Amino acid sequence: MTRTSVVTGSASGIGKATKELLESRGERVIGVDLHGADVTADLTTEQGRAAMVDGVRELSGGAVDAVYAVAGLSQPAPATVAVNYFGAVATLEGLRPLLLTSAAPRAVVVSSMAALHPVDEPLVAALRAGDEIAALSRAEVMAKEPESLGRLIYSSSKRAISQWVRRQAPTALWAGAAIPLNAIGPGIIATAMTADLISTEEKKAALLEMVPMPLNGVAEAEAVAHLLAWLGGVHNTHLCGQVIYIDGGSDAVIRGDSIW
Ligand SMILES: NC(=O)c1ccc[n+]([C@@H]2O[C@H](COP(=O)([O-])OP(=O)(O)OC[C@H]3O[C@@H](n4cnc5c(N)ncnc54)[C@H](O)[C@@H]3O)[C@@H](O)[C@H]2O)c1
């Protein structure tokens, strides 16, 4: 049977590479994005999230095999919280019912190694509570100081979504329904999101100070797509709530032995 997958953020970067890889393997992929996708939806808004679920349900006939929540922003702005956390949760929760008839249902979220960077605890707490009004208003305050607090918006959104995956994956909703739910934490990947940040050797070196990648440096989106495709594929039967760092070694450098 041909697998049907949903990829958010399918118009660019990691989402585009994942869609293309899955399609090259004969899968059917329903892409979701702000533009240039099968389903046009803005995942920062409730209406957009509802439109995403409705659009996918209509195009898939109500049954999908894998959900890849890839869409994201890295700006020091409230929209980053809205799409990276609430948009990803809405994608996974909204499409979970469509996974239930699959013989091999899978769900994967793209978090980031930035989840290991310093975060804003009040924002992470609001995200953990699922309080979008409080989270967006905290992000508004943070965005007014882009060089200090503002830059913690992205890492906070990614810390919170990684924690959400860990909390949710072993529950009846996911593991209990035989759906492996996992996340990945990429290091620096050459996409539109990072194009300016790695546009000169100086800028790239400065970024690699924060995100050390001793193994092969900055990666291409295709490398990430292959990991995502495995996590969303039939051979992944027992990974549950893992955050897999595809980061050229930054997790190993930054956290070392401290994870045990
Ligand atoms: N590039 C990196 O170095 C890197 C590192 C770690 C994690 N990530 C994560 O990978 C994911 C993909 O990023 P990328 O590097 O491919 O960036 P990208 O900018 O190339 O692609 C992101 C896609 O998400 C879409 N998107 C953004 N806001 C949206 C919204 N409100 N509704 C629907 N779609 C929306 C964009 O239109 C775009 O097509 C993101 O979650 C990002 O945080 C990227």
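Student: Which residues come nearest to the ligand?

Tutor: This is a predicted model, in which local features need pLDDT of at least 70 and side-chain atom pairs count only at pLDDT 80 or more, while totals for chains, interfaces and linings use all residues. Residues are numbered from 1 along each chain as its sequence is written, and side-chain values use heavy atoms, with hydrogens and water left out. A residue is near a molecule if one of its heavy atoms lies within 4 Å of it. There are 29 residues around the ligand, and those that come nearest are Ser 12, Ile 14, Asp 33, Tyr 154 and Thr 191.

Student: How far is the polar side-chain atom of Lys 158 from an oxygen atom of the ligand?

Tutor: A polar contact is a pair of N or O atoms within 3.5 Å; within protein, one must be able to donate a hydrogen and the other to accept it, and residues adjacent in sequence count only if both atoms are side-chain atoms. Backbone atoms take part too: a polar one of Ile 14 is 2.8 Å from a ligand oxygen, and an N or O atom of Leu 43 is 2.9 Å from a ligand nitrogen. For the side chain of Lys 158, the distance to a ligand oxygen is 3.0 Å.

Student: Is Asn 84 buried or exposed?

Tutor: Asn 84 belongs to helix 3 (residues 78-99); helices (H or I, at least four residues) and strands (E, at least two) are DSSP runs, numbered from the N terminus. Buried means under 20% relative accessible area, exposed over 50%, and partly exposed in between (1.4 Å probe, protein chains only). Because its relative accessibility is 2%, Asn 84 counts as buried.

Student: Which backbone nitrogen does the side chain of Asn 84 reach?

Tutor: Contact means heavy atoms within 4.5 Å. Leaving aside neighbours within four places in sequence, the contacts of Asn 84 include Gly 72, Tyr 154 and Lys 158. At 2.9 Å, its side chain reaches the backbone nitrogen of Leu 73.

Student: Why does Gly 72 count as partly exposed?

Tutor: Gly 72 is placed in the loop between strand 4 (66-69) and helix 3. Leaving aside neighbours within four places in sequence, Gly 72 is in contact with Val 83, Asn 84 and Met 193. Gly 72 counts as partly exposed because its relative accessibility is 30%.
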